[in-house]
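Colleague: I would like to go through this model with you. Can we take it topic by topic?

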Amino acid sequence: YMAAFKSEFEVKRLKCAGLDVHKKVIVAAIIDTHPETLEASYKVKKFSTMNDDIPAMKDWLLENNCKDVCMESTGKYWIPVFNTLEPHMDNTVLTHPKYVRAIKGKKTDKRDAKWIANLFRFDIVKSSFIPPSDIRAMRELSRYRLKLSYMATSEKNRYQNSMTISRIRLDSVLSDPFGKSASAIMGYLLSTETIDDEKVLSMVDSRVKASSEDILRSVHGFKILAEQKFKMEHAQSHLDMINASIAEINSEINKLCAPYKKQVDNITTVPGFTSLSASYLIAEIGTDMSVFESDKHFISWCGVCPASNNSADTALTIKL
């Protein structure tokens, strides 16, 4: 048992650093372990998070021949630090704060940095999955695109609410209330107070399954109040701008994903995946599956496996 304990907690890094990252300050602690006595000595220095001081911290680490660094993920503050250190270090590790949490009542910034460095030298820190920089760029854009798609949906909902208030029921007869036919009809209705039936029907695409009678019934008797017209015009303008931005982001993601064409082609063999959705998948998980311990670990990381929690003889099973 003791032999197993010693092998589990032996020093794996003779020299490494722990960073305690905050909004305005970074405390860096270098721990240097004597190769024979295994006694540890520390060098601790405080840096600001200003643009000129983060490179200074990198230089200080390199001057002390320290190229193994560990830091906890604090909000978004770790990102510029990580991006600065990554090209120059042999090993830059990011970990969740819960894995390096110090004992309550004994916490200071210096102690936290030393604690992180100590855990890191024994290699008992669980590292977070940080994909390569080009994958991170794809991830940043794909997540931004997702946010914009949420905004587009919100604007569509506002627009449809105004249609309902204005007694326009195109969404009941057309499969897509924002399709080519519906958009043309809505543009016409916003510009007039009386309806020319023939003009309305001329705007309907030949592939529309709804009857001419149903389409006319859905717009007869409409009344667009001034405030609803104002709201719909601005919602449509905003929606057009969002859609244009999404199209530009899609184009940029495609450029970033070009080196991974082989992986994209493999993913698109799965039913339901397009080239675009395949690029979003790569942006989230990367292409190196060796970072995951097993297929079960990967599924758990993605959050698509059941979880079982047992406490006080009562089991709670969550199925996704």
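What follows is a set of questions and answers on charge, cysteines and backbone angles.

Colleague: What kind of model is this?
Modeller: Local features are reported at pLDDT of at least 70. Side-chain atom pairs count at pLDDT 80 or more. The model is predicted.

Colleague: How many disulfides does a search of the whole structure find?
Modeller: A disulfide is a covalent bond between the sulfur atoms of two cysteines. The sulfur of Cys70 is 8.2 Å from the closest cysteine sulfur, in Cys16, so this is too far for a bond. For Cys257, the nearest cysteine sulfur is that of Cys302, 17 Å away. The search of the whole structure gives zero.

Colleague: Is Cys257 buried or exposed?
Modeller: The cut-off for buried is under 20% relative accessible area. Cys257 has a relative accessible area of 6%, so Cys257 is buried.

Colleague: How many salt bridges does the structure hold?
Modeller: Side chains of opposite charge can pair when their charged atoms come close. The test here is a side-chain nitrogen of Lys or Arg within 4 Å of a carboxyl oxygen of Asp or Glu. The structure's count is 11.

Colleague: Which residue forms a salt bridge with Arg136?
Modeller: Arg136 sits in helix α5, and its partner is in the loop between α3 and β5, 50 residues apart. Arg136 is buried at 16% relative accessibility. With the closest N and O atoms 2.9 Å apart, the partner is Glu86.

Colleague: How many residues apart in sequence are Lys126 and Glu293?
Modeller: Their side chains meet in a salt bridge at 3.9 Å, N to O. Lys126 lies in the loop between α4 and α5, and Glu293 in the loop between α12 and α13, so the pair ties together parts of the chain whose separation is 167 residues.

Colleague: Which residues are joined into one network with Arg143?
Modeller: Arg143 forms a salt bridge with Glu284, the closest N and O atoms being 2.8 Å apart. That pair links helix α5 to helix α12, across 141 residues. Arg143 is partly exposed at 41% relative accessibility, and Glu284 is partly exposed at 23%. Salt bridges that share partners join Arg143 with Arg139 and Glu284.

Colleague: Which helix gives the most to the positive patch?
Modeller: The patch on the surface gathers Lys46, Lys110, Arg111 and Lys114. Lys46 is found in strand β3. The helix at residues 109-121 gives three residues, the most, and this is α4.

Colleague: Is Lys46 buried or exposed?
Modeller: The cut-off for exposed is over 50% relative accessible area. Lys46 has 54% relative accessibility, so Lys46 counts as exposed.

Colleague: What is the phi of Asn65?
Modeller: Most residues other than glycine have a negative phi. Asn65 lies in the loop between α2 and β4, and is exposed at 56% relative accessible area. Its phi is positive, near 55°.

Colleague: What is the phi of Asp123?
Modeller: Asp123 is found in the loop between α4 and α5. At 40% relative accessibility, Asp123 counts as partly exposed. Although Asp123 is not a glycine, its phi is positive, at about 60°.

Technical notes:
Residues numbered from 1 in each chain as written. Heavy atoms only, no water. Patch = residues over 30% accessible without salt bridge, like charges linked within 9 Å, V, L, I, M, F, W, Y side chains within 5 Å. Areas by Shrake-Rupley, 256 points an atom, 1.4 Å probe, with all protein chains shown as cover. Lys, Arg positive; Asp, Glu negative; His and termini not counted. Charge placed at Lys NZ, Arg CZ, Asp CG, Glu CD. Helix = DSSP H or I, 4+ residues; strand = E, 2+ residues; numbered from the N terminus. Buried < 20%, exposed > 50% of the residue type's maximum accessible area, 1.4 Å probe, protein only. Disulfide = S-S within 2.5 Å.
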